[in-house]
Amino acid sequence: MKGSIALHWRRIPERYRLEGTHCETCDSYYFPARRICRKCRRKGRIVPYKFSGKGRIYSLTEIHSAPEGLEDQIPYVLAVVELEEGARCTAQIVDVRKKDIKIGDGVEMVFRVVQREDPEGLISYGFKFRKLH
Amino acid sequence: MAGIIGYGAYVPKYRIKTEEIAEVWGEDAERIKSGLGINEKSVPAIDEDSATMAVVAAKIALKRAEIDPKKIGALYVGSESHPYAVKPTATIVAEAIDAVPDLTAADLEFACKAGTAGIQICMGLVGSSMVEYGMAIGSDTAQGRPADALEYSAAAGAGAYLIGKDEESLAIIEDTCSFTTDTPDFWRRPKADFPSHGGRFTGEPAYFRHVRSAADALLKKLNRTIEDYDYFVFHQPNAKFPKTLAKRMGIPQEKITDGLVVPYIGNAYSAAVPLGLANVLDKAKEGERIFISSFGSGAGSDAFSLKVTENIRKRENAENLSYFIDNKEYVSYAVYAKYRRKLKGL
Amino acid sequence: MRQVAIIGVGMTRFGEHWDKGFRDLVTEAGLNALKDAGLSGNEISAGYVGTMAPGSLIGQEHAGALIADYMGLNPVPITRVEGACASGALALRQGIMAVASGIHDIVVIGGVEKMNDLGTAAVSRILGGAGDQEWELFLGATFPGLYALMAKRHMHEYGTTEEMLASAAVKNHKHGAKNPYAQFQKEITMETVLNSKMVADPLKMFDCSPITDGAAALVLAPVETAESYSKKPIELLATDQATDTLALHDRSSLTGIKAAEIASKAAYKKTGLGPKDIQVAEVHDCFTIAEIMAIEDLGFFKKGEGGKATLEGRTTFGGDVVINTSGGLKAAGHPVGATGVKQAVEITWQLRGEAEGRQVKDVEVGLTHNVGGSGATAVVHLYRRL
């Protein structure tokens, strides 16, 4: 959200480095980080976990009509990525058009500009993925 | 002293051919290609900048060095295209590679030699035991004014060098020396979108004088000759300048070939020598010597003498520069203009 | 608990109301509903209004008080209810609970959204707030994008085609052409849908519901007194709501809206009714894929067969069940907070036999299905004639 500095800043460990959580009780992985295990609730033992950044395309689309802040990036491939630990996240897939990528393809996390505000505003960075060859 | 314990090089996927740019301005592409020796140049994606490219290169360097990023005590990013005028690129990179928070970090700017300046700073910090490891990165998304000669060369890329103690090094830095004067051959004032330059003034009084003087001084200091080195890496604003310099210094052309990546990717500014050196390290064998002389307009040159060690095998831990050079996709001038945010309204 | 009935309905036409604001729309729909119920207004003891984002769309919060004021209902308590695109059905559900519990007798329900006071890009961003701001929208997801991710997975797992998706839009425009309250009262062809501008692959412009201004209203009363107000009161048989993860990527399956399946099963269980007992349903087709998933989630068709059934005409007049006689969100329009209430208005007209030009024959039981976001909230209601 534009103009909200802390909103992005507090998510830097997750957005820059894929730091999520792991429930030691049921072996579930959470990205983004959750403090309450969805399966074990209060019995869950949640510890920090840094994801490897490797995963697969679970579903994908190509966005042609962008929301405010991403107009300059269209068209871009957006996917639900299944990380190798099991958690899923939504992210852009870089340097690729839809004809070159499909469900099941391997991907790896990259660090890119996610949104740029107007020339006087902040630049937000974070994870995207690239297709593995 | 100190040495390179890991290195990483990155070039974005997109390329634009010299022909494509020449077509837009009605220029003779063949004349430009033979004049500059640049066939195509790299173009960053719209969501890449000097910070994101620096992160890719830094992560590759870490993979090779196999060290905990938290042990990095100093991190410098040299660039003439920092994403912010005020707010460091180095902190973004340090966060992304998880070197935070116990380190010192800063941005450097010295036209095309800010990357090698960072290496020298890290050498001092490691050599004096102020830090265990230092990371020096040269990263640029250089902009050339449309239709200017620089538009054919201004490119993007990043090279990262992790500096540590001799014994861990894959290449020991035997010595370094610099040559610096106030020579205004190229500049960009605040708020200006594109740099200005002195045309032919960038040649003799700037590039040739500085690169040659630093090189000669280091050879003299080490009491070495051209024959003592297997590879030479010079700053490469185009292919013609380093080739001419090699000829003048009596260096066989084959000794500069591996360090000359400008024909394939253009001039990556602060990353130019770091990328040329990476391409040499990708091939060099234990015991071989590498000689470097960078150049930054304004003006100065940093010369280095390197000796490759057995740890060079660690380069197999990560992608070589050729992986990124070969993995390419050509774009039209229109797409290039979009990616470089030259379109009004973006 | 008391049984609850709808004793009056009313709405504005859905569309681009350049000359009408938020308060104008909601009062127009409210007055129509009061008139339909034959009430003066003095009988009303409470109200609930569903509206998703007036704070962002027109800079106006405190919608409950605004509406009480402009309806001339002060000091009657009116409460705003929000559940993204399911806000309307949630308002109805609050009203049902208020009447059923005995706390209130005559309750007015409103649904309203004024969306055209901002440009498309801004509205898209605001609607995006129905998803996960930090982990979907920030990263480049849009609402069409999220439903496109579901569509791609549905196509991957079940062989659903772009023609099957398009057939839902064609059918809904055919229905909407007969609805005088619909935004688009015009039939379209399969080619129109397939050749329209790509929004988020595979969803094209005509797979998407439009940006709409509009309002709808209902009046509720306890069943025991309903007939003293209305000749044709409609009984609310069940109200069920379920939630799921806010972000789409956290769900085990992307080929259905699990919350809708759970809510509908609960409603069926409570009433002893099943999908076969339902002749007419208004479902949440914010995108064509949403209708395909809805008719599967609600049990009208087996999982994976919704697309084929739609293409074969089994969801229009003469088919197994008539889906979206109003034209659905696609053709009738989607003023977000109003949609859930409009669905109840349409089903009321169908059950009363007043849906001129689009009346389904022999309607006994109707269903509405209203979804918030990409499926994090789902609300199902069942209706029948008293």
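How many residues does helix 6 of chain B have, and how far does this helix reach from its first C-alpha to its last? It has 20 residues (203-222) and reaches 27 Å, close to the 28 Å expected at 1.5 Å a residue. The expected span is 1.5 Å times one less than the number of residues, and helices (H or I, at least four residues) and strands (E, at least two) are DSSP runs numbered from the N terminus.

Some ground rules first. This is a predicted model, where local features need pLDDT of at least 70, side-chain atom pairs count only at pLDDT 80 or more, and totals for chains, interfaces and linings use all residues. Residues are numbered from 1 along each chain as its sequence is written, chains are lettered from A and ligands numbered from 1 in the order in which they are written, and side-chain values use heavy atoms, with hydrogens and water left out.

Buried means under 20% relative accessible area, exposed over 50%, and partly exposed in between (1.4 Å probe, protein chains only). Just after the helix, B:Asn223 takes a positive phi of about 55°.

Strand 12 of chain B is mostly covered, with 5 of its 5 residues buried. B:Arg289, B:Phe291 and B:Ser293 sit on one side, and B:Ile290 and B:Ile292 on the other. Here is how strand 12 pairs up; two strands pair if DSSP finds at least two bridges between them.

| Partner of strand 12 (chain B) | Bridges | Direction |
|---|---|---|
| Strand 11 (chain B) | 4 bridges | parallel |
| Strand 13 (chain B) | 5 bridges | antiparallel |

B:Phe232 stands opposite B:Phe291 in strand 12 of chain B, while B:Ile292 has B:Phe304 of strand 13 as its bridge partner. The hairpin of strands 12 and 13 has 6 residues between the strands, and B:Gly298 there takes a positive phi near 115°.

**The cores**

In soluble globular proteins, nonpolar side chains tend to be buried together. A nonpolar core here is a set of buried Ala, Val, Leu, Ile, Met, Phe, Trp, Tyr and Cys residues joined through side-chain atoms within 4.5 Å. The largest one has 84 residues, and B:Ile163 and B:Ile290 are among those with the most contacts inside it. Helix 3 (residues 50-65) of chain B gives the largest share, 10 residues. Apart from this core lies another, of 67 residues, including A:Tyr76 and C:Leu146.

**Over to chain C**

Chain C is divided into domain 1 (4-118 + 212-234) and domain 2 (130-209 + 236-385), with bounds from an automatic or database domain assignment. Their centres, taken over C-alpha atoms, are 23 Å apart. The contact (heavy atoms within 4.5 Å) takes 45 residues from domain 1 of chain C and 38 residues from domain 2 of chain C.

Helix 8 (residues 162-176) of chain C has 11 of its 15 residues buried, so it is largely enclosed by the rest of the structure. C:Gly110, in strand 4 (residues 107-113) of chain C, counts as buried at 8% relative accessibility. Leaving aside neighbours within four places in sequence, C:Gly110 is in contact with residues including C:Tyr48, C:Ala216 and C:Val341.
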